[in-house]
Amino acid sequence: MRLLHTSDWHLGRSFHRVGLLTAQRAFLDHLVATVRDREIDAVLVAGDVYDRAVPPLAAVELFDEALHRLADLGVPTVMISGNHDSARRLGVGSGLMERAGIHLRTDPAGCGTPVLLHDAHGPVALYGLPYLEPAMVRDALGAPRADHAAVLGAAMDTVRADLAGRPPGTRSVVLAHAFVTGGAVSDSERDITVGGVASVPAAVFDGVDYAALGHLHGCQTLTERIRYSGSPLAYSFSEATHRKSMWLVDLDADGAVHAERVDCPVPRPLARIRGPLERLLDDPALAGHEDSWVEATLTDSARPHEPMARLARRFPHLVSLVFDPDEGPARSLASYAQRLRGRSDQEIAEDFVAHVRPGRAADAHERAELRSAIDEVRAQEMAAEGAR
């Protein structure tokens, strides 16, 4: 069986205030063409279909158009909700869509109910595990703790239990939206840290032939049978070196995986340039970046006059300007966003305590209280999104 694994479309997202809807449409054109030309048997979309719980109308229309095109090809699509999606909104109409071969899996209660497909070698069970917010799903899944490893482990237990009752030789695929240990992160992924631990071990997927993962934006292979497709477009400059692609996965009669990367269209390359303003304006080696989206980091010891306007004359697609002097007191001008980049909510809260109380960092009890408060706020946000 031939599967096309993709994820993290983030329909409706912008790149530094530049709209990406045209680029997202080009990607979906490419996806549909790939499904048709490469004789795909099923499309797997591992979450974060939209960029936010209430997406703009243009993004919803683009999604609707893509589903119609896939249904017209007669190729089943299995899709789960991610941490950016409103699971309840995305799941509206799923019963009707299923009749057209579009299988939306947004309810944790359905983790153990697969979409069953068949090829010449027999059945393939595809299980959709939507993003599981620990505090919201712990009781429903019977997990021992409210953390990512526990709830995903409980969901996988239901998968393995269902699979055990299937005919011998049934092959299995799981879609999941999670941060699996060993994956490489980007700046554009929303933090999902709960209880101080965001990642889950790869061993949680033991017992299935292929795990199609979403959440991390870089295409990567954790094992031959556990892979991230990554996002089809770059959503931060931390992804400037990414090769954006999808996985074309052939599942053999015995469940062996053979995977090939299918490159996605690149609307405009990304470039990070760094140095004093005058050198960035004059360096001939940077000519190749003049049509790229550019993040320029200025290392001048003093802030130059009108740097954005001057750089934009050479780099018309400059979208980000950062000041990071090489030395001297001007280094303190580094932006607040820079100082927080790559840090979790828990780390930021602990840093704040240490800042306002010099000489005494948060102790174990205070760290636990902060963690509990952050988890409670996240749970309230998820509940509010689900109720809208």
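How much space lies in the largest cavity? About 80 Å³. Welcome to a predicted model, in which local features need pLDDT of at least 70, side-chain atom pairs count only at pLDDT 80 or more, and totals for chains, interfaces and linings use all residues. Residues are numbered from 1 along each chain as its sequence is written, and side-chain values use heavy atoms, with hydrogens and water left out.

**Aromatic rings**

- The structure holds 4 aromatic pairs (rings of Phe, Tyr and Trp, the last by its six-membered ring, with centres within 6.5 Å; planes under 30 degrees apart are stacked, over 60 edge-to-face, the rest tilted).
- Phe 15 and Phe 237 form a tilted pair, because their ring centres are 5.1 Å apart and their planes stand at 55 degrees.
- Phe 15 is buried, at 0% relative accessibility, and Phe 237 is buried too, at 3% (buried means under 20% relative accessible area, with a 1.4 Å probe and protein chains only).
- Ring pairs join Phe 15, Phe 237 and Trp 293 into a cluster.

**A charge over a ring**

- Trp 293 also has the charged end of Arg 268 over its ring, 5.8 Å from the centre (CZ of Arg or NZ of Lys within 6 Å of the ring centre and within 35 degrees of the ring normal).

**The largest cavity**

- Among the 14 residues lining the largest cavity, Leu 132, His 148, Leu 152, His 177 and Ala 178 are the closest to its centre (on a 1 Å grid over the protein atoms alone, a cavity is a set of points where a 1.4 Å probe fits but cannot get out; lining residues have an atom within 4 Å of a point).

Conventions
Buried means under 20% relative accessible area, exposed over 50%, partly exposed in between (1.4 Å probe, protein chains only). On a 1 Å grid over the protein atoms alone, a cavity is a set of points where a 1.4 Å probe fits but cannot get out, and a pocket is an open set with protein on both sides within 12 Å along at least five of seven lines; lining residues have an atom within 4 Å of a point. Grid points are joined across faces, edges and corners, and a volume is the space filled by probe spheres set on the points.
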